[in-house]
2 protein chains.
Amino acid sequence: MKLYGFFRSSAAFRVRIALNLKGLDYEQASIHLRKNQQFGADYLKLNPQALVPALEDHGHLVLSQSLAIIEYLDETRPKLPLLPSTPLGRSRVRSLAQMIACDIHPIDNLRVLRYLADPLGHDEKTVETWFNHWIRLGFDAIERRLSSEADTGRFCHGDAPGLADCCLVPQVVNAQRHKSFDFAPYPTIMRVFETCRGVPAIAAAFPEKQPDAE
Amino acid sequence: MKLYGFFRSSAAFRVRIALNLKGLDYEQASIHLRKNQQFGADYLKLNPQALVPALEDHGHLVLSQSLAIIEYLDETRPKLPLLPSTPLGRSRVRSLAQMIACDIHPIDNLRVLRYLADPLGHDEKTVETWFNHWIRLGFDAIERRLSSEADTGRFCHGDAPGLADCCLVPQVVNAQRHKSFDFAPYPTIMRVFETCRGVPAIAAAFPEKQPDAE
């Protein structure tokens, strides 16, 4: 398998965690987002959305969208499942994952931050406030759920890492980008994050460990 | 089942389509987003994210996040499936759905448009340009995929409506909100949309048909 990603991309980071947790071998192709390589003609042929990640499987299938990729990996390589065995459990894990992958991350994605700067003309401070705002809104709700729902365990759902953790870890790393983000209101999120960081397969997926890290 | 939604909410619209396509009975509870009922204490207990939809099943289970809800419906009521039978097919449909549910809709959601107006101080015209911009970017990629991929049929995937159509239809309706959105570059999207509109179960899910329509 070949993962088209970028060391800093949260969405690629999710897929790296999933691949590592499942013990799957893959090579990485770096698509440098700040250098706009996602708009190169060759990459657009693989993913017309000009976003990472994309995953090549069996040398010819190309998949896009991180959550869809992770579900595909879980279905085609069912050992060490990333989703629970019951519909209700799967629904909870997908819901937590989507609270991040739909309602936090896309609003704070590079292309949106760029639009805030140009054409909208906002300065770095305003963009940083925006960035933190959407994470805070999302984390408020996730913290309330993780701290009150019986299914939370050492990880987001029970005592093994799964799809929700694949999303939570990169989002926390993303929030750490600006020193101004206050993590104090999120003890449960941070407890799960630290537990995840202690898992070698997850630690190996961190941005600074990637071949294209700067 | 009880669906907490709002006639205008794209995400609730997706779930209404899914429920109707499966022929499931449900009652609706209207959470008026413009009147901020999503922030009411009772609703926050059901969904701390202060977003619709939420779905109550068996009178006590409360699910959130439209895609997670639809997958749950598909798993617990497998008749008339909304996802294909192969992992690769499911991955394609989920990817198309997420191109909308992650990368278009959340950036154009009410709370984001409100933030652009206050605190950022943008006028209606600027907000409308923003709104159309993200739909156009997403539709460009979706049009390219639907028009070039062999799995596209009368609907997004094959000849029966499914999860991707549940997302596409509300997003087209959303784009129609401003007269300024140009649909000319999207003949395949619009062909699928018109086909969907001809399906009574989908037509019945449109905003203007809902009990809380204004």
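Two strands are taken to pair if DSSP finds at least two bridges between them. The model toured here is predicted.

**The sheet of chain B**

Begin with residues 2–5 and 54–57 of chain B, which are strands β1 and β3. These two strands run antiparallel to each other and are joined over three bridges. Within this pair, select K2(B): the residue opposite, in β3(B), is E56(B).

Now extend the selection to the whole sheet. It is open and consists of four strands of chain B, ordered β2-β1-β3-β4, with mixed pairing. The edges are held by β2 (27–30) and β4 (61–64) of chain B; each has a single partner strand, so one side of each lacks a neighbour in the sheet. On average, neighbouring strands are turned by 20° against each other, direction ignored.

**The helix on the sheet**

**The interface between chains A and B**

Finally, display both chains. Here 28 residues of chain A are in contact with 29 residues of chain B. On chain A, select β4 (61–64), α3 (66–76), α4 (87–101) and α6 (124–148), each of which supplies at least two residues of the side that touches chain B. Which element gives the most to this side of chain A? It is α4(A), with eight residues. Colouring by class shows 15 nonpolar, seven polar and six charged residues on the side of chain A that touches chain B.

Key
Residues numbered from 1 in each chain as written. Chains lettered and ligands numbered in written order. Predicted model: local features only at pLDDT ≥ 70, side-chain atom pairs only at ≥ 80, totals over all residues. Axes fitted to C-alpha atoms, helices over the stretch in contact; angles between N-to-C directions. Contact = placed C-beta atoms within 7 Å. Nonpolar A, V, L, I, M, F, W, Y, C, P; charged D, E, K, R; others polar.
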